[in-house]
Amino acid sequence: MAKLNFGGVEEEVVTREEFPLEQARELLSTETIAVIGYGVQGPGQSLNMRDNGFNVIVGQRKGGKSWDKAVADGWVPGETLFELEEALSKGTIICYLLSDAAQIELWPTVKANLIAGKSLYFSHGFGITYKDQTGIIPPADIDVYLVAPKGSGTSLRRMFVEGKGLNSSFAVFQDATGKAREKCIAMGIGVGSGYLFETDFYREVTSDLTGERGTLMGAIQGIFAAQYEVLRSNGHTPSEAFNETVEELTQSLMPLVSENGMDWMYANCSTTAQRGALDWWKPFRDATKPVFEKLYNSVKSGEQASISITRNSQPDYRVKLEEELAELRESEMWQAGSTVRGLRPERN
Ligand SMILES: NC(=O)c1ccc[n+]([C@@H]2O[C@H](COP(=O)([O-])OP(=O)(O)OC[C@H]3O[C@@H](n4cnc5c(N)ncnc54)[C@H](OP(=O)(O)O)[C@@H]3O)[C@@H](O)[C@H]2O)c1
């Protein structure tokens, strides 16, 4: 592992320099990696591992869009693509990449196939951490670990194809063979990670649930909506409100923040903007920090997991989610966004 300095705090992380792809391939050369589920992470991870020269099969229930997608991506029924039970029995590393709610439902079938020496791999600490609610308790004689890419499976694949990598966390929950950690890191390299940082299942799930409810999705949409509504209620046009709230951020500023950091972005904008942003970021931090504390406590207590399991296990959960998603999609702000995106000039 490489010891690196993160803003004055030392952390050990894994990069391809300490753990080259060749070493990962060699370590897992006798394994059959069964990717169970072909939703969002399934395609990204399985295709990257396949292209990295790992021995991969896919397990997916037949008859839906995901099966057809797997076939379209080159997985061959009966050779590298199987129904769930068959893939579970063939695999020696079981990558459990069904939706978190479906993982609960399928657990008895998965458990029945977990013979001694196999590995159970997750991309989220959810099922294991909230075992009282999920019932996911693995047998003691298997390895259990996770690699959680910090982004969508779509980005994982896209970045891999571009020769880049998405950073991932990794964690070992149970080491029955004495090789769990090595195998876990090898899987992290195989799925196309950038660098890998170590965590445990509990910290993975609490940070992940907080992040997606917070700045990654929940908080950002809340702040967008608040600013957009204030501008609109003060007579600004949708175009002005949307450009000033979202478009400038995503098109101009965030790519610069990604390349150089927020500090650089602040230092390289007008002094008028600098003055204002320096004066206002702390009031925004102070106003939202109590909401983040409340969110983190709700995650920590298991309340967020409970809401997610209960709501996403109902038979009509997709219809209900779709209703709420439609509200977002049909809001003036995102309708304005659709129009603005359509007006972006295409240059060849
Ligand atoms: N989304 C991400 O990018 C992301 C990022 C990091 C970590 N993760 C973690 O990765 C894991 C997989 O997440 P995901 O977003 O890729 O999952 P997802 O897209 O929601 O998974 C859908 C998969 O589950 C199958 N499925 C759903 N209900 C089922 C049932 N009742 N019986 C059998 N199969 C069923 C689907 O098959 P059908 O199409 O046939 O329904 C499909 O293969 C989760 O632990 C998640 O937390 C996800």
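Trainee: Leaving aside its neighbours within four places in sequence, which residues is Gln221 in contact with?
Mentor: Happy to start there, keeping in mind that this is a predicted model. Gln221 is found in helix H11. Setting aside neighbours within four places in sequence, its contacts are Leu328, Met333 and Trp334.

Trainee: How many Å apart in space are Gln221 and Leu328, C-alpha to C-alpha?
Mentor: Leu328 is one of the residues in contact with Gln221. Along the sequence the two are 107 residues apart. In space, C-alpha to C-alpha, the separation of Gln221 and Leu328 is 9.6 Å.

Trainee: Is Gln221 buried, partly exposed or exposed?
Mentor: Its relative accessible area is 22%. Buried means under 20%, and exposed means over 50%. The value for Gln221 lies in between, so this residue counts as partly exposed.

Trainee: Met333 came up among those contacts. Which residues of helix H17 are buried?
Mentor: Helix H17 covers residues 332-342. What covers its buried residues includes helix H11 (218-233) and helix H12 (238-260). The buried residues of H17 are Met333, Ala336, Gly337 and Val340.

Trainee: Why do the buried residues of H17 line one face of the helix?
Mentor: Good one to think through! An α-helix has 3.6 residues a turn, so residues three or four places apart point the same way. Seen down the axis of H17, the buried residues line one face because they fall within an arc of 110 degrees.

Trainee: Is H2 roughly parallel or roughly antiparallel to H8?
Mentor: Helix H2 (residues 41-51) and helix H8 (residues 153-161) have axes that come within 7 Å and cross at roughly 25 degrees. Angles under 35 degrees count as roughly parallel. That crossing angle therefore makes H2, relative to H8, roughly parallel.

Trainee: How many nonpolar, polar and charged residues are in the contact of H2 with H8?
Mentor: From H2 come Gln41, Gly44, Gln45, Leu47, Asn48 and Asp51, which meet Gly153, Leu156, Arg157 and Phe160 in H8. Sorted by class, this contact of H2 with H8 has 3 nonpolar, 5 polar and 2 charged residues.

Trainee: Is the crossing of H10 and H14 left-handed or right-handed?
Mentor: The axes of helix H10 (residues 201-213) and helix H14 (residues 271-300) come within 9 Å and cross at roughly 140 degrees. That makes H10 oblique to H14. As for its hand, the crossing of H10 and H14 is right-handed.

Trainee: Which residues in H14 do the residues of H10 meet?
Mentor: On the H10 side are Tyr202, Val205, Thr206, Leu209, Thr210 and Arg213. Their partners in H14 are Leu295, Tyr296, Val299 and Lys300.

Terms used. Residues are numbered from 1 along each chain as its sequence is written. This is a predicted model: local features need pLDDT of at least 70, side-chain atom pairs count only at pLDDT 80 or more; totals for chains, interfaces and linings use all residues. Side-chain values use heavy atoms; hydrogens and water are left out. Axes are lines fitted to C-alpha atoms, for helices over the stretch in contact, and angles run from 0 to 180 degrees between N-to-C directions. Helices (H or I, at least four residues) and strands (E, at least two) are DSSP runs, numbered from the N terminus. Angles under 35 degrees count as roughly parallel, over 145 as roughly antiparallel, 65 to 115 as roughly perpendicular and the rest as oblique. Contact means heavy atoms within 4.5 Å. Ala, Val, Leu, Ile, Met, Phe, Trp, Tyr, Cys and Pro count as nonpolar, Asp, Glu, Lys and Arg as charged, and the others, Gly among them, as polar. Buried means under 20% relative accessible area, exposed over 50%, partly exposed in between (1.4 Å probe, protein chains only). The arc is that of the directions from the helix axis to the C-beta atoms. A crossing is left-handed if the near helix is turned anticlockwise from the far one by less than a right angle, and right-handed if clockwise.
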